[in-house]
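Dear colleague,

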Amino acid sequence: MKKPDVEDYLQEGIYGSRETKPSERRRFLGTLRERIVLMLTKAQVMQEAGMDELSQQMREHKDSKLLLNGKISYQFRKPYSRLADQYGIHTTSVSDQETDTDVGVLLVVDYPIEKEKIEVEISEPCSPEEETQKDKGLKGILKSLFKTPK
């Protein structure tokens, strides 16, 4: 590895220090994907979805930190910061005005864990209208033909 020269110091002074995986850091609120334990999107945060999964992961990872997207209103972030306080987990609000990301909340650690699945899957309950839409196809026709008498 070569020694830094004057040009390197000038470049660092003008543009800042070099950063690994800048696009990944912009998306994941300044951290790397390999350090993420759990991720919630902005929509999930606004619906207060994923609280149970987050609580479970906080119990398992006592050395973690909670990163909250600062662009989300405080009223939506408050339940998550209260949950972190219950487990003694440090909370940080990240407000980067230059980037826009779909990430709302991240539970991260300071070391790589390479977890395969970090997103929380929330299944939407079907409304009665959606169920009747599903029953209009071949399955619906067969159901109507073979109804059991009451």
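In what follows, buried means under 20% relative accessible area, exposed means over 50%, and partly exposed lies in between, with a 1.4 Å probe and protein chains only. The model is a predicted one, in which local features need pLDDT of at least 70 and side-chain atom pairs count only at pLDDT 80 or more, while totals for chains, interfaces and linings use all residues. Residues are numbered from 1 along each chain as its sequence is written, and side-chain values use heavy atoms, with hydrogens and water left out.

Overall architecture

The protein chain holds seven helices and four strands; helices (H or I, at least four residues) and strands (E, at least two) are DSSP runs, numbered from the N terminus. From that terminus on, the order of elements is α-α-β-α-α-β-α-β-β-α-α. Of its 150 residues, 30% count as buried. Taking contact to mean heavy atoms within 4.5 Å, 80% of the contacts between residues at least 6 apart in sequence join residues at least 24 apart.

The interior

A nonpolar core is a set of buried Ala, Val, Leu, Ile, Met, Phe, Trp, Tyr and Cys residues joined through side-chain atoms within 4.5 Å. The largest such core has 18 residues, of which Leu40, Leu54, Met58, Leu66, Tyr80, Val105 and Leu107 touch the most other members. Two or more residues of this core come from each of β1 (36-41), α4 (51-60), β2 (65-69), α5 (74-86) and β4. A second, separate core has ten residues, including Met39, Val94, Leu106 and Val108.

Leucine 106 lies in strand β4 (residues 103-108) and is buried, at a relative accessible area of 0%.

In helix α4, the buried residues are Leu54, Ser55, Gln57 and Met58. They fall within an arc of 165° when seen down the helix axis, so they line one face of α4; the arc is that of the directions from the helix axis to the C-beta atoms. The cover over these buried residues includes β1, β2, α5 and β4.

Salt bridges

A salt bridge is a side-chain nitrogen of Lys or Arg within 4 Å of a carboxyl oxygen of Asp or Glu. By this rule there are three.

- Aspartate 102 pairs with arginine 27, the closest N and O atoms being 3.5 Å apart. Aspartate 102 sits in the loop between β3 (90-94) and β4, and arginine 27 in helix α2 (residues 22-27), 75 residues apart. Aspartate 102 is partly exposed at 36% relative accessible area, as is arginine 27 at 34%.
- Aspartate 100 meets lysine 42 at 3.3 Å, N to O. Aspartate 100 belongs to the loop between β3 and β4, and lysine 42 to helix α3 (residues 42-46), 58 residues apart. Aspartate 100 is exposed, at 66%.
- Lysine 65 pairs with aspartate 110, with the closest N and O atoms 3.5 Å apart. Lysine 65 lies in strand β2 and aspartate 110 in the loop between β4 and α6 (128-134), so this pair ties together parts 45 residues apart in sequence. Lysine 65 is partly exposed at 30% relative accessibility, whereas aspartate 110 is exposed at 53%.

With kind regards
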